[in-house]
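Have the viewer open and follow along.

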Amino acid sequence: MFTRPFRYERAGQYTHACELLRTHGDDAKVIAGGQSLLPMINLGLVQPEVVVDISRLPEGRNITVDADGYLTLGALVTHARLAADACARAAQPLLPEAASLIGNSRVRNRGTLGGSLAHADPAAELPLVMVALGATYEVTSGHASRSVGAEDFHLGFFTTSLDADELIVSVRASARAGLGLELPGGVTTGRGLRDGVGGSPHPQRRGPGRGGTGGRRRGERPAGAAGGRGVGSHRVRGCRHREPDRSDPSHPAGQRYERDRTVQAAAHPRPRHQGAGRGGGTIGTSRVSESVTITLVVNGHRFTRAAGAHLTLLRWLRDEAAVTDPKYGCGEGVCGACTVLVDGEPVSSCIVLAAQVDGAEITTAAGLLERDGSLGPLQRAFHQCHAAQCGFCTPGMLMAAAALLRAEEPRSRDEIRAELHGNLCRCTGYGPIVDAVEAAQRERGR
Ligand SMILES: Cc1cc2nc3c(=O)[nH]c(=O)nc-3n(C[C@H](O)[C@H](O)[C@H](O)COP(=O)(O)OP(=O)(O)OC[C@H]3O[C@@H](n4cnc5c(N)ncnc54)[C@H](O)[C@@H]3O)c2cc1C
Ligand code: FES
Ligand code: FES
């Protein structure tokens with residue numbers, strides 16, 4: 001849990017992030033959702049000197065389907081958003097379906113498409129699906145961009161054709177590509193293969209390219225762009241979804257982003273420096289810092305602290321703000337003991353940097369108390385149903401339950417189990433916990 005300090009820079013644009021990667025070489029790591037990188041840092045498997053945060057870039061978050069039936073996904077689209085996007089589901093159901101199977105809801109809330117593809121874990125869903133669909137990735141080094149087919153990009157286990165200063169910006173897949181698989185709900189992805197329509201699973205097999213040289217350059221036709229006959233595939237025309245919480249100024253996350261962008265625009269024509277404090281160093285036009293000043297509203301109370309940029313949200317809450325109800329269990333996003341709500345979404349606070357969520361509203365189990373300090377309805381239900389024994393998992397379990405209770409529709413017992421499957425309890429057994437969530441749901445009249 002006590003990771004080696006590193007310097008932190010929040011990139012304002014992809015160009016800026018690439019410039020930092022060029023300057024720092026192997027010492028730098030880009031962080032997007034952090035759902036693969038931070039477990040590795042926590043375990044000491046990776047020890048970067050500089051972490052370049054692209055998770056709050058304003059670009060790279062759109063989901064669009066054009067009139068030719070191509071689905072384009074920004075690299076920062078989260079798994080949860082991809083899984084829930086009706087536009088993407090209509091165009092290419094295999095991708096949202098695969099995204100919905102990833103990890104647990106906390107991983108899906110933070111993990112990004114670009115991070116999953118760049119990490120290239122052989123066990124991951126999305127790289128495999130992209131290869132099967134003959135997708136192409138748009139990659140940039142800031143100076144130049146290129147398109148590379150998924151099959152040329154993924155060179156092996158955890159190995160890609162990305163150059164050291166390159167980042168994935170977006171992904172493009174044909175809505176007509178597919179494997180003829182039947183998905184739950186009777187949806188079939190099999191469109192076009194037998195009829196030779198674009199987007200074949202082997203669209204552009206090449207020799208073993210390295211360093212991206214096998215990829216096509218910008219301006220060439222994308223894999224499968226030859227199109228072909230319609231074969232009855234449906235098309236979703238002009239569908240364009242923007243990530244709602246980043247652009248909606250009425251949403252806390254949207255306000256945060258707007259505020260950041262205003263400050264950046266006013267103070268720095270280039271992306272601004274992140275935080276102030278000791279240990280900073282200058283890189284070209286920007287500065288990286290070991291210490292960052294972070295403001296978080298935790299259970300309605302505002303905390304502003306200057307602390308190490310390497311602190312996870314969990315450590316920041318416990319060590320800097322003395323909010324100790326989230327617990328440290330695994331440090332890998334698996335057990336759920338550290339679950340908190342960030343702007344209403346459950347996340348594993350052990351694998352999110354506090355600096356990444358600067359300005360957010362955090363809710364922990366203590367935030368479920370009534371104003372007079374008595375137990376809130378969900379906490380009472382846990383108490384009455386004997387849903388805790390040692391209580392170690394309980395703060396995280398409560399937050400996962402609180403998130404699911406906000407759904408419009410009541411959840412069935414099976415759905416409650418499915419939602420809570422990423423929160424582990426080693427002593428109570430899950431029956432009483434599900435009883436408690438059902439009881440709280442009933443009390444709310446659902
Ligand atoms: C408990 C748990 C369970 C999981 N289960 C599954 C699962 O079932 N299936 C599955 O597929 N995945 C699973 N994952 C991994 C998850 O999908 C991650 O979200 C994903 O692998 C990485 O995405 P990220 O945005 O969090 O990337 P990060 O962790 O931020 O980064 C991962 C790597 O990609 C690089 N990177 C990030 N973004 C870019 C970019 N745009 N361009 C270039 N490089 C970039 C980073 O430098 C880093 O090397 C699991 C993770 C956890 C913690
Ligand atoms: S401690 Fe965070 S998920 Fe286990
Ligand atoms: S109550 Fe002991 S781990 Fe869940």
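This is a predicted model: local features need pLDDT of at least 70, side-chain atom pairs count only at pLDDT 80 or more; totals for chains, interfaces and linings use all residues.

Residues are numbered from 1 along each chain as its sequence is written, chains are lettered from A and ligands numbered from 1 in the order in which they are written, and side-chain values use heavy atoms, with hydrogens and water left out.

**The three-stranded sheet**
- An open sheet of 3 strands runs in the order E1-E3-E2 with parallel pairing (strands are DSSP runs of E, at least two residues, numbered from the N terminus; two strands pair if DSSP finds at least two bridges between them).
- Strand E1 (7-10) and strand E2 (28-31) each have a single partner strand, so one side of each lacks a neighbour in the sheet.
- Neighbouring strands here are turned by 25° against each other on average, direction ignored (axes are lines fitted to C-alpha atoms, for helices over the stretch in contact, and angles run from 0 to 180 degrees between N-to-C directions).
- E1 is joined to strand E3 (residues 50-53) by 4 bridges, and Arg-10 stands opposite Asp-53 in E3.

**The hairpin**
- Strand E6 (residues 136-140) and E7 run antiparallel, joined by 5 bridges; Tyr-137 has Val-148 in E7 as its bridge partner.
- The hairpin has 4 residues between the strands, and Gly-142 takes a positive phi near 90°.
- In strand E7 (residues 145-149), 4 of 5 residues are buried (under 20% relative accessible area, with a 1.4 Å probe and protein chains only).

**The five-stranded sheet**
- A second open sheet has 5 strands in the order E17-E16-E20-E18-E19, with mixed pairing.
- Strand E18 (residues 339-342) pairs with E19 in the antiparallel sense over 4 bridges, and Thr-339 has Ser-348 in E19 as its bridge partner.
- Helix H14 lies across E18, E19 and E20, at about 40° to E18 (helices are DSSP runs of H or I, at least four residues).

**The helix pair**
- Helix H13 (residues 377-384) packs against helix H14 (residues 394-404) at about 125°, with their axes 10 Å apart.
- That angle makes H13 oblique to H14 (angles under 35 degrees count as roughly parallel, over 145 as roughly antiparallel, 65 to 115 as roughly perpendicular and the rest as oblique).
- The contact (heavy atoms within 4.5 Å) includes Leu-378 and Phe-382 of H13, and Met-397 and Leu-398 of H14.

Conventions:
Buried means under 20% relative accessible area, exposed over 50%, partly exposed in between (1.4 Å probe, protein chains only).
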